[in-house]
Amino acid sequence: MKKLQFYLLLLVLAPVAVLIIITPMDSQKQYIFGLISMACLFVLGWFSKKRGISIVLVLASILMSTRYIYFRATQTLHFNSEIEAILGIGLFLAELYTWVMLLLSYLQTMFPLERKIVPLPEDESLWPTVDVYVPTYNESLEVVRDTVLAAQCLDYPKDKIKIYLLDDGKRSEFAVFAADVGVGYITRTNNAHAKAGNLNHAMKLTNGELICVFDCDHVATRVFLQATVGSFLQDPKLALLQTPHYFYSPDPFERNLSRGLNIPNEGSLFYGPIQKGNDNWNATFFCGSCAVIRRSALEEIGGFAVETVTEDAHTALKMQRLGWKSAFLGIPLAAGLATERLVLHVIQRTRWARGMTQIFRVDNPLWGRGLQWQQRLCYLSAMLYFQFALPRIAFITAPLAYLLFNLNIIHSSASLIFAYALPHLLISIFVSSRLNGRFRYSFWGEIYDLVLAFHIALPTMITMIFPKRGKFNVTDKGGLLNVGYFDFSIVRPHVIVAILLAIAVVAGIVRAVAFNYFAVDPNVIALNVGWGLYSLFFLMGAIAVARETRQTRKTIRLDVAIPAVIHYASGVSSRTETQDLSMGGCRLVAPDARHLNDEIEEVELQLNSGAISIPVHMISSEGHQDNDIRLMFDEIPLSRRRELVRVVLSRADAWVQPPKPQDNPFRSLATIARCVFDLFWFTWKDRQKIRREKKLARMADHEEESAV
């Protein structure tokens, strides 16, 4: 009955919606209509946070954006030359792409499913057997070691879990390590199909009912299996349960931008509203790690997909085509290392872009059997997203056409364009902020996309034409950076376009001042100058990410308070507790200031499972008024290190963090502005420092010459 009422309401409102979309207005009437609409929607949104109001705002946003696209299609595509037609149609296609992505994003994020943990039965004999795979290729043992030790800490019956280190690098030290800690070691004679081939090879040699995959840098909490396996017992058609990829190290945006740690992580939107929305439509993607998969479902599709370089999403698509279900549990139950350098981030995202483009070509979800229309659209959204490069480049370079070459690529008055575009842009920003404001702050998507746009444009175009080209590449993890630097090579195209935009803006202002001489419309110049400044602003934000900051700490310290005993070389022992703790050291407070300068031999951590003693040496005793001591752990035996992993990285609540504050678009814009300002400020400070160092060096050389 409710469904019938919904369709009747839709039938009644459809003509009204069409009327709103197609009714033409002059600039004055459109301004009035747009401003009144925005005012009503903003007031409605601020005074109520109910789901029903959000749906109304989404529908209003769709109407306003569709009205703008209709206006662009029917009134602005008239050109005076071939070059204007090419550039103008290209810009319109970029806007059409943005409109399609807006609709698909609303489908994905409007109805998130907040899935709960399904508890396992008390009778452990009913629990399924699990094979834990840790695939590795060229990563260092230092990166892989704690992942394997954390897998051994999983709270699951020992007779029902087997852990395997899948070494595609065929390294003897990995085989020795696996034997020392007591896990299985699997390698193969070739590296066919990269990670997917590695996993498929392991499937032939193991027989667990469920397969749990962790990338070699992803450390699981002890409750990972207890939180995920119950869903497979509840639903025999469930093939996949994915959990978020949480990163305990900062990514390039968080580390390099001065205010980066104050914004949600770049992946928060995907591992929040998007995956939860996909889950609502049974379209959860497999993300390659931190997931549990039913072996029988994998066997039915012939194992992990090998046709593309994104074997994870393609594997989920294949299972869903055969009627298997997928799920997303939005609780961080494992944590890994983010990409340490911007160049590595670009390489990783380029692989993702090629892989999703390959799926679009070789196994397009819009065609073929087995998927519901919602699933098709969710996958379409993921694949079309990585085609953002050309539209982004079109948007930021469009003002150059008029300001530098006097080409009119939009056939309309400036006031009419602004009147139609303003409601479309502002309402979509407001609605997106309301829906996803704790996971993606306003305007930050511009920064994330612009960083990548110039680098993935060519690979995605080539892959679209030649989908079989390209190979799987591994993202390097665990690197350090002793000296900060500006990676000009990665933002060279951004800098070139930024210089062109700056020249264009100056040229436009000069033309506006002397508009009688040039016989131009000052409103058109003002629109293009404003557009150019807007593009330049976000380009500078993207360029700021290339200022690589020092990264000298190998392990991330977490705020963990654990009872501890300090053992001094003098034989004195003092009870205290840790202030923070990592796999490499700890910070604690000495209870007695008289021993601050004494040599410390070891620290004994008092755990629930027993005490472990770790040899240490002091790094510093900073802040004597607080008796603050920083210690570095010496070499730790594997048995003790496993216990340390259990305490530091595998705690059940290790990665549960409070959500970020709700987005405020004005504050978000100001944050980007501060990051841009700090880029210039720190660059100037760096230049001053270099000058001082050169001056001191010259003075030292002069003094040396005088002495001689």
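Reply: Rings of Phe, Tyr and Trp pair if their centres lie within 6.5 Å. The model is predicted, and Phe270, Tyr271, Phe285 and Tyr379 form one aromatic cluster in it. The structure holds 23 aromatic pairs.

Me: Why is the pair of Trp127 and Tyr156 called tilted?

Reply: The planes of Trp127 and Tyr156 stand at 35° to each other, with 5.4 Å centre to centre. Stacked requires under 30 degrees and edge-to-face over 60, so the rest, including this angle, count as tilted.

Me: What makes this pair a tie between parts of the chain?

Reply: Trp127 belongs to the loop between helix H4 (82–109) and strand S1 (130–136), and Tyr156 to the loop between helix H5 (141–152) and strand S2 (161–167), so the pair ties together parts 29 residues apart in sequence. Both Trp127 and Tyr156 are buried.

Me: Why is the pair of Phe270 and Phe285 called stacked?

Reply: The angle between the planes of Phe270 and Phe285 is 25°, and the distance is 6.1 Å centre to centre. Planes under 30 degrees apart count as stacked, and therefore this pair does.

Me: Is Phe285 buried or exposed, and how do you know?

Reply: Phe285 has 4% relative accessibility and therefore counts as buried, the limit being under 20%. Phe270, at 25%, counts as partly exposed.

Me: What makes Lys237 a charge over the ring of Trp324?

Reply: Lys237 lies over the face of Trp324, at 4.2 Å from the ring centre. The cut-off for the distance is within 6 Å.

Note on methods: Residues are numbered from 1 along each chain as its sequence is written. This is a predicted model: local features need pLDDT of at least 70, side-chain atom pairs count only at pLDDT 80 or more; totals for chains, interfaces and linings use all residues. Side-chain values use heavy atoms; hydrogens and water are left out. Rings of Phe, Tyr and Trp (its six-membered ring) pair if their centres lie within 6.5 Å; planes under 30 degrees apart count as stacked, over 60 as edge-to-face and the rest as tilted. Helices (H or I, at least four residues) and strands (E, at least two) are DSSP runs, numbered from the N terminus. Buried means under 20% relative accessible area, exposed over 50%, partly exposed in between (1.4 Å probe, protein chains only). A charge sits over a ring if NZ of Lys or CZ of Arg is within 6 Å of the ring centre and within 35 degrees of the ring normal.
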